[in-house]
Amino acid sequence: MNNQLYADILVEVPGMQPDRTYQYKVPRNLVGSVQFGNRVKVPFGKQKVTGFVVGLSEEKAVEKVKEIINLVDNGRLFREDQLELAKWLAGYYFCSTVKALQAVIAPALKKTTPRPVARLYSVVEPAQLPELRRQMTRSPKRLAALETALQHPGLNKRELASMAGVSLFVVNQLCAGGILKVETNLPVRDPYPQYRLTEQAQVSLTGEQSRAVQDVADAIRKGRHRAFMLHGVTGSGKTEVYLHCIEQVLGTGRQAITLVPEISLTPQMVRLYKARFGQHVAVLHSRMSDGERYDEWTRIENGSAPVVLGVRSAILAPVPDPGLIIIDEEHEPSYKQEEAPRYHARAVALYRARKSRGVLVLGSATPSLESYCRALPGGEYKLINMRHRINGKSMPNVQLVDMRREVQSGNSAIFSLVLLQKLREKLHNKEQAIIFLNRRGFKTLVVCRECGLVLKCPRCEISLTYHTDGRLRCHYCNYRVQAPKICPDCGGGQVGYFGTGTQRVEMELSAALPGGRILRMDADTTIRKGSHEQILSAFSNGEADILVGTQMVAKGLDLPGVTLVGVINADSSLHMPDFRAGERTFQLLAQVAGRTGRGDKPGEVLIQTHTPEHYAVQAASRHNYSAFFQSEIAVRKEMGYPPFAKMVRVLLSGKDDAAVQQAAEKIRTQLDGFVEGANGGKIMIVGPAPAPLPRLKEDYRWHIILWSADYRRLRLVMERFQRATGGAAPGKELRMSIDVDPMYI
Ligand code: ADP
Ligand code: ZN
């Protein structure tokens, strides 16, 4: 029997039901080739669009069925469980299934084939070498090329020519003369070729560490879902706990995913994992080439890399049967994706761990309020505490420096007297220091002293930062402009520069500390691939005394030589208009303080602040998470904010401010209707109001925020809203997004 075959195809059509599939005929010539997981081209209305095959049948579901045009790739791009994951993402985060699926299989969509590389090898018999060398004395360039090829087999032509200091012509002559031979093969794109499995001296675990491993290992052995909150102070050895737990899960034939924030995925971390698990590790992060990522992805999918180490998106990796998922620094805001699907890796991890009966470990020295609440007695997570640093090292002594007093006593410089004095001591004793501040650039504010105009990015309404190259830059969209001599508004000649960025700190430090060797690490000094590694290894090799940087230096680094951390301004994150500002400040201060005293000598921390009395600053200075938690949770409870409620944000954006605002008003009315329909006096709704970045990359942005302790009812409202709108904004040239559990509001 040769029945007609039909395929269910997922296509993304704005304004239509975001999870809807459409049926298409499979043309005769593609029967046998079209299968679940294929990407295909299909006609849709008057267009041709790309879709994904998610089902096949011999029954026609509708009268008029069009035909598939062609297959886009050979082979399937996803499995059933990956489609299920995409459907869950789409449902939870109110986005289209296609968008979610595209995120789940992103590396496969950017598949690239490695290009063959020609490598050169000498084909001269060793016995003939002396004779050949003698013959070549009159052509020294050819001799040089030959000697280099002998010493470095496997270079390509260009590399050999440049290393030997000869032209390509000379290399070609050697090839033509049958002295060098070209071999072509496909390279494996290994992003970390320098790291290999090493026989590491196994550390013996401390009591706290082995109790933690025991707890997790028990759960792994039972093969049931369980979640742990590993609350361990900085330097308590959480990484070693992770490594041991991974060994346990590999023993059961299952796989493990470890997530780390982008900035913590340091060469140190990769080296640790590679040293323990060698080629079984696949690394995934955003600075890899598409090819490198695709190769790692394939090794994960086919099971040859059961240990995945990566950033946020690695939670979507095609790991067949994850028995263990670890999220290091689980409180980090970078685990939230800021475009659709706007997922939080922690939420996805919980979904995957439940689904696969796997174990979830959330590690942090400063847990998010959301997670810590779930780890309180009777909660869903089991709490594991590690209260001590390795080898009985003490937590660093933290001193708060009240910058108001500093000014009163006549010092209005960036650095307090005590910080400078400590830095001099460190230089004298040949110890290292980290200076942290959350702003890059030279001066962070440019103001006309006559009319008061603040120079802002014309596209983003964000104040511009002055950089030492004489230009002003927008740190959101990278708009650049030459710094003006006269005010563009009033024509006045007194343009003033204020505020402090890392460039200025670096410059003023080198003036204040002659002979001090200073390195800077921020987004400006780490643009080139590998520059991050270079700066860190130079610093850890003792090639510099002071490392100045933004949050890149605050987190995750393990630098035993550092005995002092200076925080230039603790207040910069405290006064953000966001209900998580206190939490972020506490986390940042505790993390940055954790970078010192990790070696043999005790560490100390100096925090400069204008509000030393704030509970977040106070608690951080005493390493007292629980004091912070008690104060913060009381505030959240009073306001009815998360974790006591779930929040959803609806954001409208577009080029015309009035149109965006009008659309937002309309949506507010619509939402009000659904809230009433849901019989929900328990749902809070505010807005529309200008979003925290009211103008971004030429778009005006307005948002509406809904929150409720009764998430089921809030979901119901959002589901009805989404069905009514199809997820599309009311009006052309406008965009709408729904953000569940938004991070910055
Ligand atoms: P955390 O992530 O909790 O801040 P790390 O995992 O970076 O801490 O560990 C801190 C330091 O202690 C690292 O240098 C690590 O190599 C070392 N370390 C961890 N466990 C042990 C152990 N059992 N014995 C000796 N050193 C250890
Ligand atoms: Zn901008």
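In this predicted model, strand 3 (residues 39–44) and strand 4 (residues 47–57) run antiparallel and are joined by six bridges. Within this pair, Pro43 faces Lys48 of strand 4. The two strands form a hairpin with two residues between them, and Gly45 of this hairpin has a positive phi near 60 degrees. Strand 3 also pairs with strand 6 (residues 70–71), again in the antiparallel sense, through two bridges. Here Lys41 has Asn70 of strand 6 as its bridge partner.

The protein chain is divided into domain 1 (6–110), domain 2 (117–185), domain 3 (207–386), domain 4 (397–441 + 499–637), domain 5 (446–496) and domain 6 (646–740). Between domain 2 and domain 5, the centres taken over C-alpha atoms are separated by 57 Å.

The packing of two helices was examined for helix 5 and helix 6. Two packed helices are described by the angle between their axes and the distance between the axes. For helix 5 (residues 140–151) and helix 6 (residues 157–164), the axes come within 9 Å and the crossing angle is roughly 115 degrees. The crossing of helix 5 with helix 6 is right-handed. On the side of helix 5 the contact is made by Ala144, Ala145, Thr148 and Ala149, which meet Leu160, Met163 and Ala164 of helix 6. By residue class, this contact of helix 5 with helix 6 consists of six nonpolar residues and one polar residue, with no charged residue.

Ligand 1 is surrounded by 15 residues, of which Gly237, Lys238, Thr239, Glu240 and Ile390 are the closest. Helix 9 (residues 238–251) gives the most to this shell, contributing three residues. The shell around ligand 1 comprises nine polar, three nonpolar and three charged residues.

An open sheet of three strands has the order 19-20-21 and antiparallel pairing. Its edges are strand 19 (465–466) and strand 21 (480–482), each of which pairs on one side only. Strand 19 is joined to strand 20 (residues 471–473) by two bridges, the two strands running antiparallel. Thr465 has Arg473 in strand 20 as its bridge partner.

A further open sheet contains four strands in the order 28-29-27-30, also with antiparallel pairing. Strand 28 (684–696) and strand 30 (734–740) are the edge strands, pairing on one side only. Neighbouring strands of this sheet are turned against each other by 20 degrees on average, direction ignored. Seven bridges connect strand 27 (residues 646–654) with strand 30 in the antiparallel sense. Across from Arg649 is Asp739 in strand 30. Helix 21 (residues 657–677) lies across strand 27, strand 28, strand 29 (699–708) and strand 30, and runs at about 15 degrees to strand 29.

Backbone geometry was also considered at individual residues. Most residues other than glycine have a negative phi, and most peptide bonds are trans. Glu698 has a positive phi, near 75 degrees, although the residue is not glycine. The position of Glu698 is in the loop between strand 28 and strand 29. Cis geometry is found at the peptide bond joining Ala340 and Pro341, with omega about -5 degrees. Pro341 belongs to the loop between strand 13 (322–328) and helix 12 (345–355). The peptide bond from Pro642 to Pro643 is likewise cis, and its omega is near 5 degrees. Pro643 is placed in the loop between helix 20 (625–639) and strand 27.

Conventions. Residues numbered from 1 in each chain as written. Chains lettered and ligands numbered in written order. Predicted model: local features only at pLDDT ≥ 70, side-chain atom pairs only at ≥ 80, totals over all residues. Near = placed C-beta within 6 Å. Nonpolar A, V, L, I, M, F, W, Y, C, P; charged D, E, K, R; others polar. Axes fitted to C-alpha atoms, helices over the stretch in contact; angles between N-to-C directions. Left-handed = near helix turned anticlockwise from the far one by under 90°. Contact = placed C-beta atoms within 7 Å. Domains from an automatic or database assignment. Pairing = 2+ DSSP bridges.
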